[in-house]
Each structure stands twice: as C-alpha cells, then as structure tokens.
Amino acid sequence: MFEELKKELYAFYLHGDAERAKSFADKCFTIMDSRFRDGMTVLEQKLLQYDVITEEFEPVIFAHSPFFYETGVLTSLSDGARKAKGYGFMQANGWVYNRNEHLFFEQGDDLNYLKKVHSQEKLYLICGPFNDTSQHFNFNFRPYLQIGALKIAQMAKKELKNAKNTEEKEFLRAVVEGMNYLRLMAEKFSKKAEQMLLSETDPKCIENLKLISKTAKRVPWEAPTSFYEALATYAFLRTAFGSLEGVGPNTFGRIDKDIISFYRNDIEKGVITYEEAYNLVSQFLLLWDCHYDHDMEFSGYADHELENTYTLGGVDDDGAPIYNEVTEMFLRATRENVIIFPKIKCRYTKNSPKEYLDEINRSIVKGITTVIIQNDDATISALLRAGRPENEARDYCVSGCWGLCCNQEKFDHGSYINLIKPFEFAVHNLTEKRELLRLDFQTFDDCADFEELYKRTVKNCENLIKTKLDVRTRGGQIFHKVDRFPIFSATLENCIEKHADFTMGGAKYHDDYDLVLGLPNIVDSLLAIKTLVFDKKKYTLQQYLDAVRNNWKNNEQMRLEATKCHGWGDGNEDSCALANRFNNDLFDIYQKQTGAYGGKIHMGHLTYTEIRWWGEKTLATPDGRFNGEFFAQGLTPSRLKKIPSVSSVINSLASLDASTMASNSVVNIMLPSHISLERCEAFLRALSNSAIQSLQLNCVSKQDLLDAQVHPEKYPNLIIRLTGFSVKFTSLTKEWQQEVLSRNFYE
C-alpha cells in the first residue's frame, strides 16, 4: 500500500541528500554574511537567519502525499540539529550559532581543559559545549493546534505594552516575526502546489495538490479545524521549526490525546470515515520512516537515529486510562506498514484496557519491537516527588530516546554521567590520571572493611557529580549570547508572559537531568568484593584488586566466582538491599545540589550506545567483567549474571523506590518468541508494581538471532530495540549483534 508515495519519498531522501543541503547552506551563509552588521544582537541575527531561509528555500511537495512539510533545508537524517548528521557541515539553520559558538570557548583555558580531558576519559557526556545546544528540544505543538500562530503572535504583541526594557521588547517582537515567517513558509507551499497543478494529470495527485494549496494558506497561521489539518500542522511545523530554529524538535507530544477531538468532530459531521483517517495516519508516518534505508549498516554511534517520537496512551487529566480511536490507528498503521520511525512511546498503567496492551504487543510477540513501554505507575510518582503538580505529572511525554518532559520546559536528556569511571579509578589506583583530570578519587587498597569501601564508592560518585555540575554551571551561563530561540520559546509556558527567551530563564522550569550509568555493574562489583573478601575471606582485598588490575589473567577461577555471587536482578535480599541503598544515596546527593541554571537536578538510570563505546575504554571491574566489555544498560541486570527467571528481575525492580528517578530509567528484557498476548499482558501488569519505567521488550529467541546472522534473507522484519531506538537486527554489524546476543534471555 502507498507504494507510489514510498518511491517518491525514497527517490528524494536517498539521493543527493548532502549535496542539496550543503549547497543551500553555502548560498544562505553567503547572503547572511553579506547582510550581517557589527553590533547586531543575537535576536537580530536570528531574525536575519529566519528571513534568508524563508526567502531562499524551495518547497518540495510529494504529489502522492496530502501533506506539505519538506523544505529541502536539512539532510534526511537531520531532526533540525544544525550539524548535518554523518557529514559534519553546518546547515543553513546553524548560521547564528556558528557565528557565536566561539564565545563558549573564550571563557577560560582552565574550563576548556577540564571539559576536554573529562570528555576524553569518558567521565560524562554533554550534548554541546556546556549546554544541550541542538537536540532534545520539546517543541510544544498544542498552541498551534488550539489557537494557531496568529493568536500566538497576538499574545506577544499584547505583552509589548508591559515590557520593561529594550531586551524584553526585542524578544516579544522576535516571537511575532517568528510566527510570520512560519506563515510565509506555509504560503510558499500553497503557491508551489498551485504551480504543480498546472501540469499534473494523476487524479489522486491532483486531489492532494488541491488540498495542500487550500490548507497551506491558513495552517498553521490559523488553528486546524479537521483531523487532516491537525496532522498537516504536525507535519509542517516539525520541519519548518527545525529548518528555521536550528535545533531538533524531539516529539510530536501526546498525539492521541491532542487530536482525538478533531477525529470525532469529523466523524460526527460525516466528513471522514475511519478508513480514510487511518490512511491519513499511515501516510503521515511514512513521511518520516522513509528518510533512510532501514538495511544500511549500523556500525557507529547513532547511524539509524532520527530523533522523531510521539507518545500514546497514559492517562487523561482525571487519571483515567487513555485508549481511543487515534491510539489504535497509530499502533495499527505502525504494525501494518512496519514503521520504525517515528519512535512510539506507549504509556500504560495497571488499569490500562486489555485491548490497548494487546495492540501494543501484537508486533512485539512476532519479533518486531518498535515501541518503548512506559510504566505510568512508577513514572508519575517520580514526577510528583520531583515537584511537578498532579496535572503536569499525568500529562508527561516520553521523547527522544527515553526523555521525560512536560510542555513547560526544555530538558536535556543527553546528559550522561559515567559512575563506573570513579569506581575504575578506585579499583585500578590510576594516580596519574587523577592528577590529569583534577579529581580526587579515593582508592580501595587500604579499606579495612566493606562499609569503608562502600562509603568511598559513594564519595567518589559524589565527587564526579559535583565536578560535572561545576563545569556545566561555569560554562553554560552564556547560551543566550550564542543563540536565541523565539519560535521555540513561544511554545513554552511563561516565556511570553515573562518576556524572555528560554536561554534567558523565561521558561517555567530550569531543572537539570542527569542520566546515570553504572548501577548494575557497581552493585555486582561491590557484592562480589563483600562476599569473597570480607564475608567468606577467601581472598584478601589486595589479592582481589590485583586480579582485577591484571584483567583477571591467571585468575579465571576467581573471576567465575565473582560472576556467581549474588547480584543485581537475581531477586536476592542482599542484592536488592544494596541496590536500593546505592540508588537512594545517589538520589540524596542530587537532592543537595542546585542545578546549573538554578533549578533541581533529577536522576535517572540509562545511557545510549555508550554501553559499548564507554565500555571499550574502561578497564576490568570486580564483577568479573574484562577490559573493554559491554556495560549493563540502565537498570538492566548485567549480562554476566545468567538469571534464568524474569520473575527475579521483577522482584529486584520492585525493591527500588521509583519516585527517585524523575529522569527516567530503562530496562532491556528478552522474552521467548512464542509468548502469547495473554502472557505478555500479564507480564506488563506485573511490572506496573515495580520501579521499572521505560521497558525495552524484545520477544525473540537466541536461536532465531543466530540463524539471522547466517541467513539474513529469512528475517527481513526482525526488528529489535537496540538502545534508544529500534533497528533491523540484520543491519547491525557483528559487534552490535553480539551485544544483543550477550543479553539475558528469559524463559
């Protein structure tokens, strides 16, 4: 179905991609450079960027699609982030940032030195110099769906009379201008459709072009009035926003909650049928899924990552579970069209209807995992404890890979901190590197008992947490001097009311989100030392440390004993107690800190493909891991622990306090391929009482994966959740296939 549309999309996105975007960027940079004048403010520069891109871009309309959105400004793998993914050049939407980025690095050699050496040593990740400057932007579509760009502009105009100074007036005027540039971009699509109609002969294409010509004259300037117009608003704004603003819009939001009224109104009026609406949803999803070749090799950091998501399900404003016609349409369309992008985030509660859980699981039980399953019961409790009011906590989105967000904030869910590193320094006594990094990590050599060793572990983690925060705080305060985002800020609560861009503190919240790597490996390491050294006294601490430092050479028996000790995920009382203690101690550390921008710092447990890349740069650990081996993903039990029963994992996760994890947590679970829908439903309901938040569930046997390595042609749609995204197993390199194969497979 929709084969002609797919051909049209692939013909555009898989050919001449980089050359097209690079040529456009070069052209726009030349114009913008010529029009730049000394003394221009950052907002004046941004409006110049808006103006030139709007004037110079040539709309691309796919005649077999009823939607208009493609500006030709960005490469196909770009979500709006200004650096062309995979090519490295700055796209046209990065002109302002490119001109001013040097300011980040002119804040002092000492700061630059620390950021550089900490990054080289894989201590932490910040998606940008000191701020997340280009991705994980939660663009809020709701104002455009509810009132349209015209009324957003009117709100900003109205506030001008209350502006206290020139800077506030400049921001509000920039919002007004931003809305006008969106209108002008949409009108160019309308005119392009009218031109194409002059030569088009295909009846279906003529119908599409007429629809685009009519709709683009008013949407998104005015609010949509139909189901089609609501989808068209999403499609246009996602690409137009990224093309102008230079940052990646990370989510369509809660799409079933936000547009169900449009669908039901159309049904009531008799202007659309279910199947017509379903066809629109299918075509909408194909627009984003056809941006890349699903069979291209995945070998790098994020080769198959398009950073495009939406959230389904969850609860409504009163706490009742959501499962409606739009929910079902998006899940069905994803299943029947084998859509990998956009990524779906399916929120559920223990009270979610069976029909909803079955719809989520239909593809998963067949070995096709394209969703994240998000446990509301754990997640909402964390957001409430983090200080969110109940209405906001119930209304959260899951965006990007696992990011928890509300519509009131710009969040950073690419801010990872590697707690295994301070543990490595303590185990391996890396004195010279400590001095190089200016970090005073305590070693374990002279610990008299386990309690002292544990306290040093926590102290070293606190040291790294504070160090990262210090670097971010000192370096990140000048973001507003580098770039501004009036279109984006206009969608955030408080920015228009406070007359300030979010980089100037205009948004309602100024919180940080730290995503922790290491709990499973650290807990297992601590338990192995406690058991073999301090409890059983089978080895001295020095003997044990020496074996680890020597990468277990000539100590294979000791290593095997370490892997057989109790550890995270086995459901044992000691492992659960230690994990809970460590998690709570980390939470307490974060609770005592003030974020880089004056807000709170929220903690979570997850990482991206760093489970491999950081693992490769890390020495052996006391849990039996060799130099360079994979880390555990989020709260997933270590692959070194061969835990036969998934019930043990559930029991372990039930021992943690979910309310401590307002930054989210992730767990990978591999269940058998023959599992029924009924058992899968029961499994999810059992998980709802645990601390698990984001579940990456794959139902596939190791035997099938091994066979797929030898006979990939037999498994064209074997899609697994790798890390923060889904990918065809057969497109993975042998190294990444091995990561999947080395996981725990439960019966």
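Author: Start with a charge over a ring. The charged end of K530 sits over the ring of F450, 6.0 Å from the ring centre. R99 does likewise with F36, its charged end lying 3.9 Å from the centre of that ring. The rule asks for NZ of Lys or CZ of Arg within 6 Å of the ring centre and within 35 degrees of the ring normal.

The model is predicted: local features need pLDDT of at least 70, side-chain atom pairs count only at pLDDT 80 or more, and totals for chains, interfaces and linings use all residues. Numbering runs from 1 along each chain as its sequence is written, and side-chain values use heavy atoms, with hydrogens and water left out.

Now rings against rings. Rings of Phe, Tyr and Trp (its six-membered ring) pair if their centres lie within 6.5 Å; planes under 30 degrees apart are stacked, over 60 edge-to-face, the rest tilted. That rule gives 49 aromatic pairs. Take F137 and F485: the centres are 5.4 Å apart and the planes at 55°, so this pair is tilted. F137 lies in the loop between β1 and α6 (142–146), F485 in the loop between α20 (479–482) and α21 (486–489), and the two are 348 residues apart. Helices (H or I, at least four residues) and strands (E, at least two) are DSSP runs numbered from the N terminus. F137 is buried, at 0% relative accessibility. F485 is buried too, also at 0%. Another pair, F139 and Y144, is stacked: 5.7 Å between centres, 25° between planes. F139 is buried at 1%, and Y144 at 0%. Buried means under 20% relative accessible area, exposed over 50%, partly exposed in between (1.4 Å probe, protein chains only).

Next, a neighbour of F485. T503 touches F485, and also F479, H480, D483 and R484, leaving aside residues up to four places away in sequence. Contact here means heavy atoms within 4.5 Å. T503 sits in the loop between α22 (495–498) and β8 (512–517). At 13% relative accessibility, T503 is buried. The T503 side chain makes a polar contact of 2.6 Å with that of D501. Such a contact is a pair of N or O atoms within 3.5 Å; within protein, one must be able to donate a hydrogen and the other to accept it, and residues adjacent in sequence count only if both atoms are side-chain atoms.

Last, β8 and its sheet. Four strands form an open sheet, ordered β1-β7-β8-β9, with mixed pairing. Strands pair if DSSP finds at least two bridges between them. β1 and β7 (residues 416–418) run antiparallel, joined by two bridges. Y124 stands opposite I417 in β7.
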